[in-house]
Amino acid sequence: MKEKSGRRALTRPLVMVTLVTSFGSSLQYGYNLWVVNHPAALIQDFYNNTYHQRKKVYIEATFLSFLYSMTVAIFSLGGLIGSLLSGPMVDKCGRKGTLFLNNLLAIISSILMGFSTLVHAYEYTIFSRLITGVCSGIFSCAVPLYLAEVAPRNLRGTMVSVSALFIVIGVLISQVLGYEELLGTKKYWPILLSLPGFLAVLQVIVLPSCPESPRYLMIQERDEEKARQTLKKLRGQEDVEQEIDELYLEHISEKAEKEMGGLKLLFYRGLRWQVISVVVLMSGHQLTGVSAVYYYADNIYASMFLSKKEIRYIVLFSVISLVITLMVVVYIIDTVGRRALILIGFGVCSIICVLLTMALEMQTTISWMSYASSSLVFLFLIAHVLGPGPVPILLTTELFLQSTRSTSVALGGFVHWLVNFLMGIIFLHIETLIGSYSFLLFWPLSVATFIYIFKYIPETKGRTFLEIKRLMSAQLARRIQVQGHPAKENLKKRSAHHSNRRKKRRSTIG
């Protein structure tokens, strides 16, 4: 494959790396993210029976609901832990090595989940779910980081977005297999929760044949020859000196950031706006109101007097639509750009938050308004996966250079899982107090995120990581000058002072 105008072709090794990591790791993450929602009644019944065997009494309804909520929330807590572990792991074990080790842990977590009904203890099931969350937290950070570093700059958005696509495919598969006709039964629900172990085994077998990130090899391991050979394999050509030179320039330019830990990164002045951008982007993913939309979707469908089976097919159709939308994103993200997609997504989500509040309030008096509400829910989810869903993690990998990228991705993962965990705990209490008006709480947050991205996040498509950093710095410098930063005034004063001193020296000499 030849390089044309600085653009690299999609080679067979790149396709293999993308599909292996996305199909094996991202699909596991998506599957585990949603799988406990379908056998909810079965899990609660299991908790009740195991408690009765020990205490000879059944669990109170309130405590039973709390245990199931803990089973759901503990996954996000595990994801939070996993995201924090991912930073040190990818730097010490490498990007590919981290994925390999995490798949070994995923095999163990799947085995633990499979033995849930044999152990007869709800504490055991909740703990197993925690370990599954840790694995998912590492996957959510390590996969996009690995794909962003092996991809050529003109295909970076496409390859990272494929991982987001497989997350939604994992959700879709978990929904289908969770049907009562398949594995959503009293006998088979532990098998349903343990199925990702087969993907983990496949990953352990196939991953050793994938190359390590050439950026990691060149800049962090300082093995230029190995990085060159890896690039030749990935690009399908012998001449990779242009990329080697880019890596060398990046290696030289980031001397001040090398070996920077999490706390140093947070407080390092030179990366302050990048850190703020990561926090805004990754929290914005959840603060669009997507949690509220998922919660209200079931209530809206129920208000349409649909049967349980009909609701099931509507939800399935919605997820299939999200998969198709993400396929479109994969195709256009490196031509349309990141900014356009994420701004459209946040803009539409913020508008629908207001419209949904109005529609839900009118449902009680206008019978057909439930159909309008369901249409708005569908449009919201489409807008979310168009930009706020897949783009923030991609931008997080692009705003930093090599030595700090792993820390930034871990920070982004931490923020994402923390907000997700807090929303799972807080939202139901908010909804109980103010009902559908809870959407109005998300509206200003979504608008604020839109404004921040519009002002401070540059377009990154087709640019090297070094170019993106320089563009970010230049853009912020221009905004500071436009706003009349005091430094500019000080510069003028110093220039005038030196000019006056020169005039005095001339008059003295004369």
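I began with the term: a salt bridge is a side-chain nitrogen of Lys or Arg within 4 Å of a carboxyl oxygen of Asp or Glu. I kept in mind that this is a predicted model, where local features need pLDDT of at least 70, side-chain atom pairs count only at pLDDT 80 or more, and totals for chains, interfaces and linings use all residues. Side-chain values use heavy atoms, without hydrogens and water, and residues are numbered from 1 along each chain as its sequence is written.

**Entry 1: salt bridges.** I searched the whole structure and got 16 salt bridges. I then looked up individual pairs.

Glu243 and Arg235 join their side chains in a salt bridge, at 2.6 Å from N to O. I checked burial (buried is under 20% relative accessible area, exposed over 50%, partly exposed in between; 1.4 Å probe, protein chains only). Glu243 and Arg235 are both buried.

Glu246 forms a salt bridge with Arg153, 2.8 Å from N to O. Helices (H or I, at least four residues) are DSSP runs, numbered from the N terminus.

Arg228 and Glu224 also meet through their side chains, 2.8 Å from N to O. Why are they separated by about one helical turn? They are 4 residues apart in helix H11 (residues 224-235). Arg228 is buried at 12% relative accessible area. Glu224 is partly exposed at 36%.

**Entry 2: positive phi.** I looked next for positive phi in residues other than glycine.

His120 has phi near 60°, a positive value, and is not glycine. I placed His120 in the loop between helix H5 (116-119) and H6. Is His120 buried or partly exposed? His120 is partly exposed, with 37% relative accessibility.

Arg222 has a positive phi as well, near 55°, and again is not glycine. I found Arg222 in the loop between helix H10 (214-220) and H11. Arg222 is exposed, at 62% relative accessible area.

Terms used: Helix = DSSP H or I, 4+ residues; strand = E, 2+ residues; numbered from the N terminus.
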